[in-house]
Amino acid sequence: MTFQWPSSPKEAELEFYDLSHPWGHGVPAWPYFEDVKIERVHGMAKSRVLTQKITTVMHSGTHIDAPGHVVEGTPLLHEIPLSAFFGTGVVVSIPKKKWEVVTPEDLEAARPEIRPGDIVIVNTGWHHHYSDSAQYYAYSPGFYKEAGEWFAARGVKAVGTDTQALDHPLATAIGPHGPAEAQGGLLPWAVAEYEAETGRSVRDDFPEWEPCHRAILSKGIYGFENVGGDLDKVSGKRVTFAAFPWRWVGGDGCIVRLVAIVDPVGSYRLETGQEA
């Protein structure tokens, strides 16, 4: 059966790019999360109605972190205005390799220029490794404290990354931080490998637990993690973003469909008065 989805003439002129990874059975999971469980409650042969039950954490696949996820007393999902999930921003390409850090200098040099009020998505290239693997989770590059402070000082609306979290993995509980500090991290073998390869201590190089999370979320700047999909197609562009989470009262985060919208002929003015 083939469907032709209707659209208005103006909508047909827009280009939509899905920056979300596919989500479903077997979706990659952060090291201490349980696997997503999907059960078929009803099937067509039984009732002619397909119904499924899903058990998951909301920090699964491409998702939003609300400020209240990490910083007590800051907004949860229902306290963030709808306008925050829509607006102009940039996708910047900052290629990084295993365990490298995205620095303020990288962000200053990024093009298009990152402006106050922007939704900012950083393409490190790591989304090409997206899988339930050590490569994606343990070896990821990422932001650290200085990048978080730069975003906060610049006054951006939201920050997204194509890596496992808004912080470098060795600044999360994957390293010797937070609930995993006493055991040397959720993945102590990764900590040992880093120290053997670099000759430096993880505790010296990444002394703080999720400082980028805290720097931006404490200012009400929410975050996207595990960005992917058509990311390469819009890198280096100023676009319009849309990503509306559930209207979940008390929600700390949400699986989301992050979309970049491009107006190639300029007839459907979605942007906020800023030229590309």
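1. The side chain of Tyr 137 reaches the backbone nitrogen of Ala 29 at 3.4 Å. That is a polar contact (a pair of N or O atoms within 3.5 Å; within protein, one must be able to donate a hydrogen and the other to accept it, and residues adjacent in sequence count only if both atoms are side-chain atoms). The model is predicted: local features need pLDDT of at least 70, side-chain atom pairs count only at pLDDT 80 or more, and totals for chains, interfaces and linings use all residues. Residues are numbered from 1 along each chain as its sequence is written, and side-chain values use heavy atoms, with hydrogens and water left out.

2. Tyr 137 lies in helix 4 (residues 134-137). Helices (H or I, at least four residues) and strands (E, at least two) are DSSP runs, numbered from the N terminus. Leaving aside neighbours within four places in sequence, Tyr 137 is in contact with Pro 28, Ala 29, Trp 30, Pro 31, Ser 131, Asp 132, Gln 164, Pro 169 and Ile 174. Contact here means heavy atoms within 4.5 Å. The C-alpha atoms of Tyr 137 and Trp 30 are separated by 7.2 Å, yet these residues are 107 apart along the chain.

3. Which aromatic pairs deserve a look? By the ring rule, the count comes to 14 aromatic pairs. Rings of Phe, Tyr and Trp (its six-membered ring) pair if their centres lie within 6.5 Å; planes under 30 degrees apart count as stacked, over 60 as edge-to-face and the rest as tilted. Trp 99 and Tyr 194 form an edge-to-face pair, 5.2 Å centre to centre, with 80 degrees between the planes. This pair links distant parts of the chain, 95 residues apart: Trp 99 sits in the loop between strand 5 (86-93) and strand 6 (101-102), Tyr 194 in helix 6 (residues 188-198). Trp 99 is buried because its relative accessibility is 7%. Tyr 194 is buried too, at 4%. The cut-offs: buried means under 20% relative accessible area, exposed over 50%, partly exposed in between (1.4 Å probe, protein chains only).

4. Tyr 136 and Tyr 137 form another edge-to-face pair. Their ring centres are 5.0 Å apart, with 90 degrees between the planes. Tyr 136 has 0% relative accessibility, so it counts as buried. Tyr 137 is buried at 5%.

5. One aromatic cluster takes in Trp 99, Tyr 139, Tyr 144, Trp 189, Tyr 194 and Phe 206. Tyr 139 also has a charge over its face: Lys 98 lies there, at 4.1 Å from the ring centre. Arg 214 lies over the face of Trp 209, at 5.1 Å from the ring centre. The criterion is NZ of Lys or CZ of Arg within 6 Å of the ring centre and within 35 degrees of the ring normal.

6. Two strands pair if DSSP finds at least two bridges between them. Strand 9 (residues 158-161) and strand 10 (residues 222-225) pair in the parallel sense over 3 bridges. Ala 158 stands opposite Tyr 222 in strand 10.

7. Asn 123 is in strand 7 (residues 119-123). Asn 123 is buried, with a relative accessible area of 4%. A polar contact of 2.8 Å joins its side chain to that of Asp 232. Outside four places in sequence, the contacts of Asn 123 include Val 92, Ser 93, Asp 162 and Ser 235.

8. Check the backbone exceptions. Most residues other than glycine have a negative phi, and most peptide bonds are trans. The peptide bond from Arg 111 to Pro 112 is cis, with omega near 5 degrees. Pro 112 is in the loop between helix 3 (104-109) and strand 7. Arg 48 is not a glycine, but has a positive phi of about 60 degrees. Arg 48 lies in the loop between helix 2 (44-47) and strand 3 (51-55), and is exposed at 73% relative accessible area. Trp 99 also has a positive phi, near 65 degrees.
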